[in-house]
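Please look over the sequence and the structure shown here, and then follow the charged side chains through the fold with the text below.

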Amino acid sequence: MPGQQFQYDDSGNTFFYFLTSFVGLILIPATYYLWPRDQNAEQLRLKSLRRVHGRCLWYRLRLLKSQKSIVPRLKKAAFLFGWLIFLLLAYKVSKLDREYQEYNPYEVLNLDPGSSLSEIKKQYRVLSLKFHPDRGGDEATFMRIAKAYAALTNEQSRKNWEMYGNPDGPSATSFGIALPAWIVDQKNSMLVLLVYGLAFMVILPVVVGMWWYRSIRYSGDQILINTTQLFMHFMYKTPNMNMKRLGMVLTAAFEFDPRSNKEATIRPADNIKVPLLICKLGNINVKKKEPPFCYPYSLKARVLVLSHLARMDVSEELKEDQRFVVRKSPALLQEMINVGCQLTMMANSRGGQRFHAPRLVTIENCMKLTQMIVQGLQESKSPLLQLPYFEEEHLRYCISKKYKVRSLQDLARLKDSDRRSMLHFMGEKYDEVMAVLGSFPHITMDTKLQVLDDEDSSNITAGSIVTVTVTLTRKRMVVTSVAEQEQRHQEDSKVQEEKADQEEDHAGAGKNQAGQRKRGGKRKLPPRGVAARSSSRSTPKCSCTWQEAPSAAKEEEEEEVSDKGSESDEGETSKYSPRERDEDSDKQSDTEVDEMAGDDEEEWKALQQSIQRRERALLETKSKVTHTAYSLYYPEEKQEWWWLYIADRRDQTLVSMPYHVCTLKDTEELEVHEAKAMLDNHPQWDIPDTEEEDEEQEDSDGIEESEDGDDEDDD
């Protein structure tokens, strides 16, 4: 293009601008996100957890890791070195700024703006004598001095400087490229081409290929696709899976195979150590020839998991392998639950024909096994063994003629004096045990059933789309003193009285519903149970069964009262004129319309609030760091996570997919939707013959009455 020039940076100055910007764009966000956090804050956090979690395996490993680890120091050193380079580049750029300022001849001649012609000539003469090449001066400096003198003394040069900023007149537009000129030099062309080819044709494809090959082997939860297929095969093959079979399927995961996962290892010493553990464990189906359960990696993982549940001591060579297997197990069990949910949905979509969904016991066994692995406790063992300093021989003090303590809740409900007497073997460790017991969670669950976009949202009939809103509240398992126990006893008695009143009202509602069925009313769906399970065995299972509200009984009482009132006031109402009666009826109808409009507005507001709450939940990102679960033998810090689902115990099937609650700190509100298809032959659709006869009789009576009325009108 005419009037334009593209030139590379011969001096290499503009390249520093590019390099400084590039380093800053990488260094600033990397420092913000990757700078090692304050170790003092982590030490303070661990110190605050020491009283409760001081004996836990993960706590001891964390302390050793924080003392031995040099990774934070290396990160800090690397970032400091990067910032040093960045500051040096910025300093270099600051020194280059003056080379790109606007041309000013007064500055070249070291004169003040507006100097007279005599002063300009005098200064030019002094500088010429100093920088003239014939007198040993710098030729480039002398040329700039001569150019500045011409710009101030020559009329044409002065005009060019004032108009174009250059005494020589307008010049071509120059576009500088911030790369050194040696990059495009013909002498270095082969070297530059070789570097470009190596970077973009070898290194980049190899890196992308390695990343792609690894990513396609894993699912979104970082579980091997082959492992997911393995779980799906065995869960479909064995819908009703007991705990022993479930452990075999878990340890057959490809995460424990060294050919699929480099973290897994098979050592020559395993041929000696693993058989010794098998002899101590007893029957673990070693002779089973079904692949992959007979493979060495699967057998080793199974032995390590079972020895962890039995709290057996293993050799130092197997401890690291055991911790690796135990760390991986909760995520694999969560994947098994997801696979079970997918098979259940597929079975529901096909109507159960030629497709066997996993039974409810299989899904719940996955949840139980997660709790068992986190706590390092077998299913048949007492939950009291989760507490520190509790051993098998101590359980005889808890189950005797005087005490019937079988669970953590029973231990927390005891009076302080009885608890101290029962745990006399603890001695000075009693306070630590009570601190651990007080840290265990206690979950309460409130449920609300609604049929959205319906006139009566609480009226549930067959075929209705029911939205179940569950509110989970997490509190600590309070170990009460004597005064607190008396207060809790009073509160419990009040709750029991309220439940008794609700049962009485529910009985009256059942009678009224029977009367409504005789009149041809719709029957309500039987309530289902909602269960919440925790991912740590220290927390109890919370279940809740809903009961229908006693609104029907109240309506029946109101009808009886209104009927009696109408009979007693019949003589009084006859005193009023027809016009007054019409006015009263109009007023009553207006008030009824206003009440209905108010109810509709309240329902609309509640619906809008529910929608807004759901939208906020979708946009809000909550942390999965909730509360640290107490686990004596788990090698990593484990957070309290929960499962929430609706199940049909009679059919042993899931009604809703288990919702993994990972953000419950204090209170969490969730919506659970039914996923089970409604059958065409539902019992609610079956109307007994007696009800049909009653309906036909009522219809015929109405017809006869209307005919009699017509005859009277004709008369």
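**Salt bridges across the chain**

With a relative accessibility of 7%, Glu-364 counts as buried, because the cut-off for that word is under 20% relative accessible area. In this predicted model, Glu-364 pairs through its side chain with Arg-649 in a salt bridge, at 2.8 Å from N to O. Glu-364 belongs to helix H16 (residues 360-375), while Arg-649 sits in the loop between E7 and strand E8 (653-654), so the pair ties together parts that lie 285 residues apart in sequence. Arg-649 is partly exposed, its relative accessible area being 40%.

Side chains of opposite charge can pair when their charged atoms come close. The loop between helix H24 (578-619) and strand E7 (642-648) holds Glu-637, whose partner Arg-45 lies in helix H2 (residues 39-48), 592 residues apart. In this salt bridge between Glu-637 and Arg-45, the closest N and O atoms are 3.1 Å apart. Glu-637 counts as buried at 19% relative accessibility, whereas Arg-45, at 31%, counts as partly exposed.

Glu-636 forms a salt bridge with Arg-327, at 3.7 Å from N to O. Glu-636 is in the loop between H24 and E7 and Arg-327 in helix H15 (residues 316-349), so that this pair links distant parts of the chain, 309 residues apart. Glu-636 counts as partly exposed at 39% relative accessibility, and Arg-327 is also partly exposed, with a relative accessible area of 28%.

Salt bridges can also join into a group: Arg-267, Asp-270, Lys-300 and Asp-321 are linked in a network of them. The count for the model comes to 18 salt bridges.

Note on methods
Residues numbered from 1 in each chain as written. Predicted model: local features only at pLDDT ≥ 70, side-chain atom pairs only at ≥ 80, totals over all residues. Heavy atoms only, no water. Salt bridge = Lys/Arg side-chain N within 4 Å of Asp/Glu carboxyl O. Helix = DSSP H or I, 4+ residues; strand = E, 2+ residues; numbered from the N terminus. Buried < 20%, exposed > 50% of the residue type's maximum accessible area, 1.4 Å probe, protein only.
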